[in-house]
Amino acid sequence: MIKNILVVLTSHANLGNTGKKTGFWVEELAAPYYVFLDAGMNITLASPAGGQPPIDPASADESMQTEATRRFDADKAAQQALATTVKLDEVKEQDFDAVFYPGGHGPLWDLTDNTTSIDLLSAFIANNKPVSAVCHATAALLNVKTADGEYVVKGKAVTGFSNTEEDAVQLTDIVPFLLEDELVNRGGDYQKVADWSPFAVQDGLIITGQNPASSALVAEKLIAQA
């Protein structure tokens, strides 16, 4: 029974060496947040550095706003939780029933090789608890391994921001790696649909979404485990 959900956000704000900013994508937090909240779940927000995580400025543009983002912006309790995220190294897997990672480009830099995050995800899987991520946050799963030393994504149906989507936002040469390529390199059964279309896939304990439009789908699949 899923009741307590951990949401792990990036703390990384710099978009490579461009001088521009990145962070988490607001819609990828807001839409799942209300899927969880409206289903009666308890939500805890965490990030590597704790405190206020950086918001990708592009995701705050008026053209990117949705019903969920507007609700989130006006929600004083949600804004307070966002401003005071728990430090990731203070989080204990046993306190939660499931975990969700929102995307934005930030996770490529600070959650892919983060040993605290990797150990946390390993613990969730070892204890038969679902792990979920959307868009670039699937990168958090890249270096997680099973008890027998295999990558957890090996042989699993997974998705995340596609190469063609990365090309469309003109960041192929800026990001540290292409997520689609790295999921394939680790033996993942990478799946995708047309760019920007909603798509989420579940394989056992692993639930992933392709892009921002897929965030609510991931959350719905996660709470369906209850």
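Student: In which loop is W196 found?

Tutor: This is a predicted model, in which local features need pLDDT of at least 70, side-chain atom pairs count only at pLDDT 80 or more, and totals for chains, interfaces and linings use all residues. Residues are numbered from 1 along each chain as its sequence is written, and side-chain values use heavy atoms, with hydrogens and water left out. Helices (H or I, at least four residues) and strands (E, at least two) are DSSP runs numbered from the N terminus. On that basis, W196 is found in the loop between β7 (189-190) and β8.

Student: Is W196 buried, partly exposed or exposed?

Tutor: Residues under 20% relative accessible area are buried, those over 50% are exposed, and those in between are partly exposed (1.4 Å probe, protein chains only). The relative accessibility of W196 is 41%, so this residue counts as partly exposed.

Student: What is the phi of W196?

Tutor: Most residues other than glycine have a negative phi. W196 is not a glycine, yet has a positive phi of about 75°.

Student: What is the phi of C135, and is this residue buried or exposed?

Tutor: C135 lies in the loop between β5 and β6 (157-158). Its phi is positive, near 60°, in a residue other than glycine. Because its relative accessibility is 2%, C135 counts as buried.

Student: In what order do the seven strands of the open sheet lie?

Tutor: Strands count as paired if DSSP finds at least two bridges between them. The sheet is open and its pairing is mixed, with the order β3-β2-β1-β4-β5-β9-β8.

Student: Which strands stand at the edges of the sheet?

Tutor: An edge strand here has a single partner strand, so one of its sides is left without a neighbour in the sheet. The strands in that position are β3 (86-87) and β8 (200-203).

Student: What is the bridge partner of V99 in β5?

Tutor: β4 and β5 pair over three bridges, in the parallel sense. Within β5, V99 has as its bridge partner V131.

Student: What angle does the direction of helix α1 make with that of β2?

Tutor: Axes are lines fitted to C-alpha atoms, for helices over the stretch in contact, and angles run from 0 to 180 degrees between N-to-C directions. Helix α1 (residues 26-38) packs on the sheet, where contact (heavy atoms within 4.5 Å) is made with β1, β2 (42-47), β4 and β5. The angle between the directions of α1 and β2 is about 150°.

Student: Which residue is the bridge partner of D203 in β9?

Tutor: Strand β9 (residues 206-209) runs antiparallel to β8, to which four bridges join it. The two strands form a hairpin with two residues between them, and G204 in the turn has a positive phi of about 65°. The partner of D203 in β9 is I206.

Student: Are α1 and α2 roughly parallel or roughly perpendicular to each other?

Tutor: The axes of α1 and α2 (residues 67-74) come within 8 Å and cross at roughly 80°. Angles under 35 degrees count as roughly parallel, over 145 as roughly antiparallel, 65 to 115 as roughly perpendicular and the rest as oblique. The relation of α1 to α2 is therefore roughly perpendicular.

Student: Which residues of α2 make the contact with α1?

Tutor: On the side of α1, the residues in contact are V26, E27, L29, A30, A31, Y33, Y34 and D38. Those of α2 are A68, T69, R71 and F72.

Student: Which residues have the most contacts inside the largest nonpolar core?

Tutor: A nonpolar core is a set of buried Ala, Val, Leu, Ile, Met, Phe, Trp, Tyr and Cys residues joined through side-chain atoms within 4.5 Å. The largest one has 34 residues, and those with the most contacts inside it are L6, V99, Y101 and L121.

Student: Which element supplies the largest share of this core?

Tutor: At least two core residues come from each of β1 (4-8), β4 (98-101), α5 (115-126), β5 (131-134) and α7 (179-185). The largest share, four residues, belongs to α5.

Student: What distance separates the C-alpha atoms of I5 and I43?

Tutor: I5 is found in strand β1, and at 0% relative accessibility it counts as buried. Beyond its neighbours within four places in sequence, I5 has contacts including F36, I43 and L222. I5 and I43 are 38 residues apart along the chain, and their C-alpha atoms are separated by 5.1 Å.
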